Amino acid sequence: MPSVKVKTSAGKVNFFYTISTPTSPNAKAIDKNLPTILFLHAVYFAQESFQLQFGDPQIRRFNCVAVDLRGHGYTTGDDIPAHYSGKEAGEEIAKIIEALKLPACHIVAQCLGTIAALGLAMARPKLVASLFLISPLGLEELPDIAEGRREIFECWQEGFKSNPPDESALQDAVYGALQFSYSNNMASLAHALLARTYPLALKNWGPKNFDNYNRATILIFNERKALTQAELAKIGCPVKLIQCGNDVAYPMEYMERFHKNMKEAALNVSLSSIPGASHFGCVTNAGEINVLMHDFVLKACKVDVPPAPLSVTSPWESDLLKAGWEPDTDSDEE
């Protein structure tokens with residue numbers, strides 16, 4: 001598995017990454033003649049959650065790069081510091097872009113990934129060509145959602161108080177995370193992602209790593225403040241905000257307030273809502289989101305982009321099929 005080592009103010013980290021080009025699902029480098037989309041995933045589930053984007057020929061017109069964020073997936077490194085925030089996460093993404101010699105990237109981010117994306121765009125605007133933010137988090141956390149995140153962690157901790165771990169308590173935590181992520185809309189892809197993620201979660205977030213779990217999935221959300229106009233004004237690229245209509249955590253009013261803040265900071269920003277989409281809209285409503293994503297990125301490109309390949313294979317397709325994904329069944333349900 002390819003990984004890149006970076007050193008930042010938040011420590012040394014070995015980030016697991018994937019590069020896909022129009023002709024290769026697992027490329028060693030990008031096609032330098034094409035624009036690059038960098039995907040930053042949501043909380044709990046790592047880069048494989050972008051399966052339906054990397055498997056879409058229209059999105060694969062571009063270089064597609066994804067990384068496992070701090071404390072997630074196959075990324076390893078120093079313990080996450082107590083002060084870890086969007087600023088530090090953004091610094092890490094900047095180091096990854098530089099280490100992989102990527103051009104200014106079109107950032108596609110969801111949930112947790114939007115915190116890192118905004119941190120990057122404010123601190124290093126020349127590295128960002130555009131921002132496509134799904135379920136963006138640029139305001140302070142809502143009190144009931146903050147409490148829900150803590151309750152999931154408490155259930156997870158409870159599960160490890162016995163030896164062997166209490167699977168019932170662990171599953172209570174999983175249920176809370178899935179309810180938050182998918183609004184109880186669990187198609188076979190979501191189940192396959194869970195099957196792939198759960199063993200990694202047991203490893204990454206066991207008792208010795210409770211602090212890392214807390215900092216990567218709770219504190220980075222719960223301790224954030226609303227971004228100020230002065231901070232937002234540092235962003236120098238077009239921005240598209242996507243509100244997921246069936247998001248149990250963040251209603252349209254929440255996203256409209258963030259959109260208003262960006263407008264008042266004189267940003268080139270627009271807001272769209274996807275009816276019926278869960279917080280993890282790139283999984284539950286990829287069809288609608290991919291069309292908006294493709295058109296937004298293409299419009300932001302400063303070079304001509306060749307037509308889409310006739311067909312593509314995602315780098316994670318085989319593993320997800322083995323884990324129980326049934327694409328035809330999911331398509332029928334849509």
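The model is predicted, so local features require pLDDT of at least 70 and side-chain atom pairs count only at pLDDT 80 or more, whereas totals for chains, interfaces and linings use all residues. Residues are numbered from 1 along each chain as its sequence is written, and side-chain values use heavy atoms, with hydrogens and water left out.

Two or more lining residues come from each of α2 (86–99), α3 (112–123) and α7 (210–222); helices are DSSP runs of H or I with at least four residues, and strands are runs of E with at least two. The largest share, six residues, belongs to α3. By residue class, the lining contains 11 nonpolar, six polar and six charged residues.

In strand β7 (residues 128–134), six of the seven residues are buried, that is, under 20% relative accessible area with a 1.4 Å probe and protein chains only. Strand β6 (residues 105–110) pairs with β7 in the parallel sense over six bridges, pairing being assigned where DSSP finds at least two bridges. Q110 stands opposite I134 in β7. The chain passes from β6 through α3 to β7. Strand β8 (residues 239–244) also runs parallel to β7, joined by four bridges, and I134 stands opposite I242 in β8.

Definitions and conventions:
Nonpolar A, V, L, I, M, F, W, Y, C, P; charged D, E, K, R; others polar. Buried < 20%, exposed > 50% of the residue type's maximum accessible area, 1.4 Å probe, protein only. Right-handed = clockwise from strand over helix to strand, strands pointing away.
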